[in-house]
Amino acid sequence: MFDDVRTIVAELHGELTRHGLVAWTSGNVSARVPGEDLLVIKPSGVRYSDLTADAMVVCDLHGGVVEGEWSPSSDTAAHAYVYRHMPEIGGIVHTHSPYASAWAACGEPIPCVLTAMADEFGGEIPVGPFALIGGDDIGRGVVATLRGSRSPAVLMRNHGVFAIGRTPAAAVKAAVMCEDVARTTHLARQLGTPRPIPGEDVHRLHDRYRRAYGQPPA
Ligand SMILES: [Zn+2]
């Protein structure tokens, strides 16, 4: 019944390793099961090479296992909290990708200094609160930070990235782009002082990108 969603989530984990966003078994992708109060997420502590569709775990939106051989990711409570409180969200990604996590370690938002950032994030990438793993604290911090932001990614303080999207693929894209701009902005700082894009131009870029980027509908 959940085969399609399991397959999508398993394949998207391959993007995390392909783009260098994860080390060993860290990081995870989840997807909401369309029309159900369920999510599909990576099992805990299983190596990326073993993440087949069958290995994915189906949970309810409080993190209880509904179907699956393995225990779900230790971040399942955070994912479940976000799905419960942001009904428009269909996918969530969590990584400790190195450049973005370096900004998180400093507790500093990534300033909007690149047109690609204005396009994808509509402004700076914000910092969320420090929160311990396990309960609702991480999810609460993610929702509180992203609800009032155009950014689909948040740097959780001293931790790493949570990225959201209407689809799980969109959430993975946001996680990849977050690491990309974190790296470039870091490099810019080594050369000099990155210059923020004026707010009005950020708004124009973001608006144009949302409406006009990509292929026209068939
Ligand atoms: Zn983590």
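The questions and answers below concern a predicted model, in which local features need pLDDT of at least 70, side-chain atom pairs count only at pLDDT 80 or more, and totals for chains, interfaces and linings use all residues. Residues are numbered from 1 along each chain as its sequence is written, and side-chain values use heavy atoms, with hydrogens and water left out.

Q: Which residues coordinate the zinc ion?
A: Donors are N, O and S atoms within 2.8 Å of the metal (3.2 Å for Na, K and Ca), and since water is not among the atoms, sites may look incomplete. In sequence the donor residues follow the spacing H-x1-H-x62-H. Through their NE2 atoms, at 2.0 Å, the residues that coordinate the zinc ion are H94, H96 and H159.

Q: How many residues apart are H96 and H159?
A: Helices (H or I, at least four residues) and strands (E, at least two) are DSSP runs, numbered from the N terminus. H96 sits in the loop between β5 (91-95) and α3 (98-106), whereas H159 sits in the loop between β7 (153-156) and β8 (160-165). The pair therefore links distant parts of the chain, which are 63 residues apart.

Q: Is V9 buried or exposed?
A: V9 has its place in helix α1. Buried means under 20% relative accessible area, exposed over 50%, and partly exposed in between (1.4 Å probe, protein chains only). Because its relative accessible area is 0%, V9 is buried.

Q: Which residue forms a salt bridge with R84?
A: A salt bridge is a side-chain nitrogen of Lys or Arg within 4 Å of a carboxyl oxygen of Asp or Glu. R84 lies in helix α2 (residues 76-85) and its partner in the loop between β6 (127-128) and α5 (137-146), so the pair ties together parts that are 52 residues apart in sequence. With the closest N and O atoms 3.7 Å apart, the partner of R84 is D136.

Q: What is the distance between the closest N and O atoms of D207 and R211?
A: D207 is partly exposed, with a relative accessible area of 23%, while R211 is exposed, at 66%. Being four residues apart in helix α7, D207 and R211 are separated by about one helical turn. They form a salt bridge in which the closest N and O atoms are apart by 3.0 Å.

Q: What is the relative accessible area of R210?
A: The side chains of R210 and D207 meet in a salt bridge (3.6 Å, N to O). Both residues lie in helix α7 (residues 199-212), three residues apart. R210 is exposed, with a relative accessible area of 59%.
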